[in-house]
Amino acid sequence: MKTYRGYEFKRAVVIAIHKICSDLGLRPVEVQWDGGVQTACINKSGSVRLANVKDDAVLTQGDLMRNVGMAVHELLHWMYTDFDAVHSGYAHSQYIAQLHNALEDAWIESKGIKAGLTGNIEELLSALINGVVAEGLAHTDRKGNPIDWSDPVQYPFVLAVYGRKHAKIKVPLALGLEPIFAEAIKRLNTCGNSWDTLEVAKWVFDQLNNVNTKPEDEPVQPPTNPTNPSDDEGDDEDGGDGGKGDDETGSGGDSDQPTGGDQGGDAPTPKPDPAR
């Protein structure tokens, strides 16, 4: 198995990013290695920040694929995401913003894959999300408990995975989520820009606050084999170029990784009268 020293790894990632920019018809971006970033993010100016790697670290080809996949994801944000719409999501609520990030991520990746923007874009993005999901399924909190996938705090991440046809590893769906998420992805496939995806996020939020899971004396049991979105649930339409302003968006968002079982989260409790 090929391995890289940290300094070799960073050079290889930067070279790959610049080649991908050329493939996408984008001007070269600035790549920064930042110890304060967990995964990756980008701003409208085209500054990509990746989690720092020590020069003497030893990394694998899989690590390279994952970092390049994160960079591709960020470049898709730069191409398709309207940062004003992302900012507007937070004006509604933190949870709507998380749902919007989940849907926007699935939307931009679907557009990039459908357009065949790079020769191996689906392979890169599939490897990226499958790795994140595998880590989430294996995660336990400090007491050894696995993630409770029926907890609404996990729903944005679950939606982000559900919306990606190229995600080969799925996470459990709590009872009542399947019809909501299926309809959400059907709507997502008709979206033309980030404002449209925000409207879908707001619709999902309303549905979650009215979903009837199970009687209080019968605990939720998430199924283990959620259904993939079907291929005929609408087609993508061209989206407008986004990125107005220097706000950052990226793979470190709340919906891009499951929330650990020992962490808190801002999520709505599914009930008829949510706090807006």
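Q: What makes two residues count as being in contact here?
A: Contact means that heavy atoms lie within 4.5 Å. By that rule, Ala85, Val86, Gly89, Tyr90 and His92 in α3 meet Gln94, Ile96, Ala97 and His100 in α4. Those residues split into 5 nonpolar, 4 polar and no charged; Ala, Val, Leu, Ile, Met, Phe, Trp, Tyr, Cys and Pro go down as nonpolar, Asp, Glu, Lys and Arg as charged, and the others, Gly among them, as polar.

A quick note on the model: it is predicted, with local features needing pLDDT of at least 70 and side-chain atom pairs counting only at pLDDT 80 or more, while totals for chains, interfaces and linings use all residues. Residues are numbered from 1 along each chain as its sequence is written, and side-chain values use heavy atoms, leaving out hydrogens and water.

Q: Why is serine 150 called buried?
A: Buried means under 20% relative accessible area (exposed is over 50%, partly exposed in between; 1.4 Å probe, protein chains only). Serine 150 has 17%, so it counts as buried.

Q: What makes the pairing of serine 150 with aspartate 148 a polar contact?
A: A polar contact is a pair of N or O atoms within 3.5 Å; within protein, one must be able to donate a hydrogen and the other to accept it, and residues adjacent in sequence count only if both atoms are side-chain atoms. The side chains of serine 150 and aspartate 148 make one at 2.6 Å.

Q: How many helices and strands does the protein chain have?
A: It has 8 helices and 6 strands, where helices (H or I, at least four residues) and strands (E, at least two) are DSSP runs, numbered from the N terminus.
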